[in-house]
Amino acid sequence: MTKSPVQFTLNGTETGVFVNGGANLLDVIRREAGDLAPKLGCAQGGCGACTVMIDGETHLACLTLAETVEGKRVETATSLANGPQLHPLQKAFVEGFAAQCGFCTPGMLMAAKALLDANPSPTREQVTEAIAGNICRCTGYEPIINAILTAAAELRGRISA
Amino acid sequence: MTVHKGRGFACINYPIGMNLGGDPSQALVHATPDGKFMVTLSAIDLGQGMKSVTRQIAAEALGVPIADVYVDTADSDTGPHDMGSFASRGTHRMGNAVIRAATEARRAMLDAAADELEVNASDLETDGHGNIQVKGAPSRAITIEDTAIAAQFKQGRTLSGRGIFLIPPSEADPNTGEMSPVTCFAHAALVVDLEVDDETGEVTVIEINSAYEVGRALNEKLVEQQLIGGAWMGISHALYETTEPYYPDRSHAPGDFVEYLQPSPGDVATHNIAVLERPAEDAPYGGKGPGEMCANPVLPAVANAIYDAVGVRCDRLPITPEKILRGIQNNGGAQPKGAL
């Protein structure tokens, strides 16, 4: 099978890979680029564990053809922390016990990141809506919703400070 | 169309682990050359916090800072045998095994320190900050790091410990059938408030109020986290989840997460929790652990609340709108029982 070159920015780093026609972005991020943050849950867009941001918008990496991200900016949960400095979302997830097994967490974080980028002051309902495509089987969602609201408040504080 | 309010109650005595065929857990503890301690288990942390709790337990039993303890789990090739993470047994069985292993390792650590300080090991104590000192004379002290270095590079001694906790198999008395299937129970009581729409059969859980007795809550936040998440799963099993909705006809079985029903983030009910601490005698520092009990009382409480709301008694899970509507139809209309 002929491979095609794809160049994109992954978490701020210029990345070039050769992909098979039809290869999905999740496989490319995990296997070719070695970023294991996004998870393979259902492989059909039903669980949200593979959620990434492409040019600032959430996408399900398992349903995204790798060739379509040519020239685009792809961000996974790996982009959030600055060295040992956790992103306010990650900090709020840790301190709010918003993860148990952790499998949904990278997708939840990206869904939340996209929300807070677009809307720094979301209501509880807007947070709920933003993570409605991400399945969590451990936490009962409430700690996740609370963590996102906590992070939003902290980010607003930083901006006004 | 009327929305009927209902309240349901359920309580539970939940057995910790099982001892029908014997129920052992093992742990190994050893010091690294720089005086940190590694706890090796083959039990698995599924996200319930077993690694955090065994780490706390090991630090407490060793008398060292929690930051100096590492827990390595989930490899049955390199770890000592364990029955596994099920039956709500993690904290109780693994915790007890870790205490025993850590106690043996602590003895070896104090023996090594005693040689260095030229005192009797029984006169030594740990300060919890990484030092071993003579009781009543804290200036006569050695760090645990120096103790580990001396043990391994000078004395030729390992600072290690083995632990096993076994609940032996319980045989049934041939005459009476009497046996002890379990040695330790946790307890819970739970009230569910919900609403049932008698036109659509839809149930909305409004609020859960629960009281859990889990022995000592070794890590309060982890206990709370499990109770909240487990109650969500209880609601899910009570009202939504099934792989065989029209068993034995499988043609309507859910094929993926889109069709497999479960509560979404928008279906979260308020849950107020009271954790009662009544340390159990044979439990590690009194902790029994919440485990499966997080979900179990929710199901009967939901069933009872639905009966209270519209008078329909469902004995098949999940309690779907269809079952409720058929029940209302059979009864000739909703028959609220009026607990609220």
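User: How many residues does the contact take from chain A and from chain B?

Analyst: Good place to start! Keep in mind that this is a predicted model. The contact draws 21 residues from chain A and 26 residues from chain B.

User: And how much area do chain A and chain B bury between them?

Analyst: About 1,700 Å² is buried between the two chains, with 63% of it on carbon and sulfur atoms. On the chain A side, A:Phe97, A:Gln100 and A:Arg137 lose the most area to chain B; together they account for 38% of what that side buries.

User: Now for charges. What is the general idea behind a salt bridge?

Analyst: When their charged atoms come close, side chains of opposite charge can pair. Here, the count between chain A and chain B is one salt bridge. B:Glu241 and A:Arg137 form it through their side chains, at 2.7 Å from N to O. A:Arg137 is also among the chain A residues that lose the most area to chain B.

User: Let's step back from the interface. How many salt bridges are there over all chains?

Analyst: The whole structure has 19 salt bridges. One of interest lies within chain A, where A:Glu154 pairs with A:Lys91 and the closest N and O atoms are 3.4 Å apart. This pair links distant parts of the chain: A:Glu154 sits in helix H5 and A:Lys91 in helix H2 (residues 88–95), 63 residues apart.

User: Last topic, cavities. How many of 30 Å³ or more are there?

Analyst: The count is one cavity of 30 Å³ or more. As for its size, the largest cavity has a volume of about 100 Å³.

User: Which residues line the largest cavity?

Analyst: Both chains take part: the lining includes A:Gly140 and A:Glu142 from chain A, and B:Ile208, B:Trp232, B:Pro263, B:Asp267 and B:His271 from chain B. Helix H4 (residues 220–239) of chain B supplies the largest share, four residues. By class, the lining has eight nonpolar, two polar and two charged residues.

Definitions and conventions. Residues numbered from 1 in each chain as written. Chains lettered and ligands numbered in written order. Predicted model: local features only at pLDDT ≥ 70, side-chain atom pairs only at ≥ 80, totals over all residues. Heavy atoms only, no water. 1 Å grid on protein atoms, 1.4 Å probe; cavity = no way out; pocket = protein on both sides within 12 Å on 5 of 7 lines; lining within 4 Å. Points joined across faces, edges and corners; volume = space filled by probe spheres on them. Helix = DSSP H or I, 4+ residues; strand = E, 2+ residues; numbered from the N terminus. Nonpolar A, V, L, I, M, F, W, Y, C, P; charged D, E, K, R; others polar. Contact = heavy atoms within 4.5 Å. Buried area = accessible area lost by both parts, 1.4 Å probe. Salt bridge = Lys/Arg side-chain N within 4 Å of Asp/Glu carboxyl O.
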